[in-house]
Amino acid sequence: GYGDNTFKPEQKISRQEAVAIIARTIRLAKNTSTAASSTLTSDQADELLAKFADRSAVADWAKIDMAECVQAGVIKGDNKKMLNPNDDVTRAELMQMVYNLLTEYGYIG
């Protein structure tokens with residue numbers, strides 16, 4: 001949901017919003033606590049995102065989620081070393097993220 005307590009089910013979501021959902025799901029799956037938190041610090045997140053030209057475009061609220069997904073191999077950036085965090089995520093991109101996640105954790109291939 002959003003800060004104004006709305007869900008907006010018909011609204012498109014950005015790549016960083018999709019990544020946040022995936023990263024938080026990974027954390028919940030690894031930890032039985034509903035308050036599962038990241039093991040990355042802000043400085044570690046900055047280091048992981050440093051190789052991407054548009055790292056400064058990642059919102060503060062999504063930075064650790066984005067870094068965790070980079071670290072886990074869920075996202076790799078495009079051929080220009082860009083994350084494109086504010087672009088709408090396509091179905092194909094989201095499915096690639098899910099595929100990478102399932103492959104990384106040994107559920108497929």
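**Helix packing, salt bridges and a surface patch**

Tyr 105 is partly exposed, at a relative accessible area of 35%; on this scale buried means under 20%, exposed over 50%, and partly exposed in between, with a 1.4 Å probe and protein chains only. This is a predicted model, where local features need pLDDT of at least 70, side-chain atom pairs count only at pLDDT 80 or more, and totals for chains, interfaces and linings use all residues. Residues are numbered from 1 along each chain as its sequence is written, and side-chain values use heavy atoms, with hydrogens and water left out.

Back to Tyr 105, which sits in the segment after helix 4 (91–104). Helices here are DSSP runs of H or I with at least four residues, numbered from the N terminus. Together with Tyr 99, Leu 102, Tyr 107 and Ile 108, Tyr 105 forms a nonpolar surface patch of about 500 Å² accessible area. Such a patch takes residues with over 30% relative accessible area and no salt bridge, nonpolar side chains being joined within 5 Å. The areas come from the Shrake-Rupley method with a 1.4 Å probe.

Next, the helices. The axes of helix 1 (residues 15–30) and helix 4 come within 11 Å and cross at roughly 25 degrees. Helix 1 and helix 4 are therefore roughly parallel to each other, as angles under 35 degrees count as roughly parallel, over 145 as roughly antiparallel, 65 to 115 as roughly perpendicular and the rest as oblique. Helix 2 (residues 42–49) and helix 3 (residues 63–71) pack with axes 9 Å apart, at an angle of about 55 degrees, and are therefore oblique. Axes are lines fitted to C-alpha atoms over the stretch in contact, and angles run from 0 to 180 degrees between N-to-C directions.

Now the salt bridges, meaning a side-chain nitrogen of Lys or Arg within 4 Å of a carboxyl oxygen of Asp or Glu. The count is six.

What is the N to O distance between Glu 93 and Arg 15? The salt bridge of these side chains has 3.3 Å, N to O. Glu 93 lies in helix 4 and Arg 15 in helix 1, so the pair ties together parts 78 residues apart in sequence. Glu 93 is partly exposed at 29%, while Arg 15 is buried at 10%.

Glu 68 and Arg 27 form another salt bridge, with the closest N and O atoms 2.3 Å apart. Glu 68 is in helix 3 and Arg 27 in helix 1, 41 residues apart. Both Glu 68 and Arg 27 are buried. A network of salt bridges links Arg 24, Arg 27, Asp 65 and Glu 68.

How values were computed:
Patch = residues over 30% accessible without salt bridge, like charges linked within 9 Å, V, L, I, M, F, W, Y side chains within 5 Å. Helix = DSSP H or I, 4+ residues; strand = E, 2+ residues; numbered from the N terminus.
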